[in-house]
Amino acid sequence: MGLGLEVANWSTLLACLVLKLPQGLALLAAKSARGFSLEGLLLELAGFLVCFRYMSYYSYPLPTYVEYPIIIVQDVILLLFVLHYTGKLKHILPYTAIFVSGWYILSLQKWILDLTMNLSTLISAASKLMQLQCLWQTRDSGQVSATTWSLAIYTCAARIYTTLMTTNDATVLVRFIVILAMNIWVLATVLYYRKTAKKID
């Protein structure tokens, strides 16, 4: 493994270890989920679960997807925070049942997993659109962490490089390119509303 690839893999892992921490701290500090999309988070979690299942099923090199379990755990913790602050904590059991059953259904047939992986790009893009819609409606990015979205941009860019250097899987590559573009859009929107809020103050 080349030095560039090793650096990309390790830096992605390190970034993902703290990827959702700024977002979690922002929610805890504000004690509010205003401007944060629950639906977007659920779709993002679904996209991560599909990718993790796909890459483990096809025995991809572990360094190319080891961050997924870490991000999934962080997303679940974020989900608990958001459900708590929106008064919807009672929905955690149905969500858990859906995700657990989905995890097993994915590996029943190879075609199901392949189809779902192709759809996961749309699912993940939709999760970003949900977050954008929430920002547009509230015109408030106070509880949305710019640091988290910046780290997400870096990890996507790094994964485009590692995918090209290892598996060269077109499905995975397209997914990362689309998600990179969407993450940049969300970050730009967060920064725009933050700047607007400062002007009003």
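Student: What makes Asp 114 and Lys 110 a salt bridge?
Tutor: The rule asks for a side-chain nitrogen of Lys or Arg within 4 Å of a carboxyl oxygen of Asp or Glu. In this predicted model the closest N and O atoms of Asp 114 and Lys 110 are 2.9 Å apart, so the pair passes under that rule. Both residues sit in helix α6, 4 residues apart, or about one turn of the helix. Helices here are DSSP runs of H or I with at least four residues, strands are runs of E with at least two, and both are numbered from the N terminus.

Student: Before we go on, what are the ground rules for the numbers?
Tutor: Residues count from 1 along each chain as its sequence is written, and side-chain values use heavy atoms, leaving out hydrogens and water. Since this is a predicted model, local features need pLDDT of at least 70 and side-chain atom pairs count only at pLDDT 80 or more, while totals for chains, interfaces and linings use all residues.

Student: Why is Lys 110 called partly exposed?
Tutor: Buried means under 20% relative accessible area, exposed means over 50%, and partly exposed is in between, with a 1.4 Å probe and protein chains only. Lys 110 has 45%, so partly exposed is the label.

Student: How many salt bridges are there by this rule?
Tutor: The count comes to 6 salt bridges. One of them joins Arg 159 to Glu 67, with the closest N and O atoms 2.7 Å apart. Arg 159 is in helix α7 (residues 146-165) and Glu 67 in helix α4 (residues 67-85), so this bridge ties together parts 92 residues apart in sequence.

Student: How do you know whether Arg 159 and Glu 67 are buried or exposed?
Tutor: Set each value against the cut-off. Arg 159 has a relative accessible area of 1%, so it's buried. Glu 67 is at 3%, so that one counts as buried too.

Student: What about Glu 44, which residue does it bridge to?
Tutor: Glu 44 pairs with Lys 128, and the closest N and O atoms are 3.1 Å apart. Glu 44 belongs to helix α3 (residues 38-57) and Lys 128 to helix α6, so to speak distant parts of the chain, 84 residues apart. Both Glu 44 and Lys 128 are buried. They also belong to a salt-bridge network with Lys 20 and Asp 75.

Student: Now the rings. How many aromatic pairs are there?
Tutor: There are 8 aromatic pairs. Rings of Phe, Tyr and Trp (its six-membered ring) pair if their centres lie within 6.5 Å; planes under 30 degrees apart are stacked, over 60 edge-to-face, and the rest tilted.

Student: Why is the pair of Tyr 54 and Tyr 60 given its label?
Tutor: The ring centres are 6.0 Å apart and the planes stand at 70°, so Tyr 54 and Tyr 60 are edge-to-face. Tyr 54 has 8% relative accessibility and counts as buried; Tyr 60, with 13%, is buried as well.

Student: And what makes the geometry of Trp 136 and Trp 185 what it is?
Tutor: Their centres lie 5.8 Å apart and their planes are at 55°, so this pair is tilted. It links distant parts of the chain: Trp 136 in helix α6 (residues 110-138) and Trp 185 in helix α8 (residues 170-200), 49 residues apart. At 38%, Trp 136 is partly exposed, and Trp 185 gets that label at 40%.

Student: Which residues do ring pairs link into a cluster?
Tutor: Tyr 54, Tyr 57, Tyr 58 and Tyr 60.

Student: How do you know how many disulfides to count?
Tutor: A disulfide needs a pair of cysteine sulfur atoms within 2.5 Å, and the count comes to 0. Take Cys 156: the closest cysteine sulfur, in Cys 16, is 8.9 Å away, too far for a bond. Cys 156 is buried at 7% relative accessibility, and Cys 134 is buried at 15%.

Student: Which residues form the nonpolar surface patch?
Tutor: Leu 14, Leu 17, Val 18, Leu 21, Leu 25 and Leu 28, with about 530 Å² of accessible area together. The elements giving two or more residues are α1 (3-17) and α2 (21-30), and α2 gives the most, with 3. Patch members need over 30% relative accessible area and no salt bridge; nonpolar side chains (Val, Leu, Ile, Met, Phe, Trp, Tyr) are joined within 5 Å, like charges within 9 Å. Leu 17, in helix α1, is partly exposed at 47%.

Definitions and conventions. Areas by Shrake-Rupley, 256 points an atom, 1.4 Å probe, with all protein chains shown as cover.
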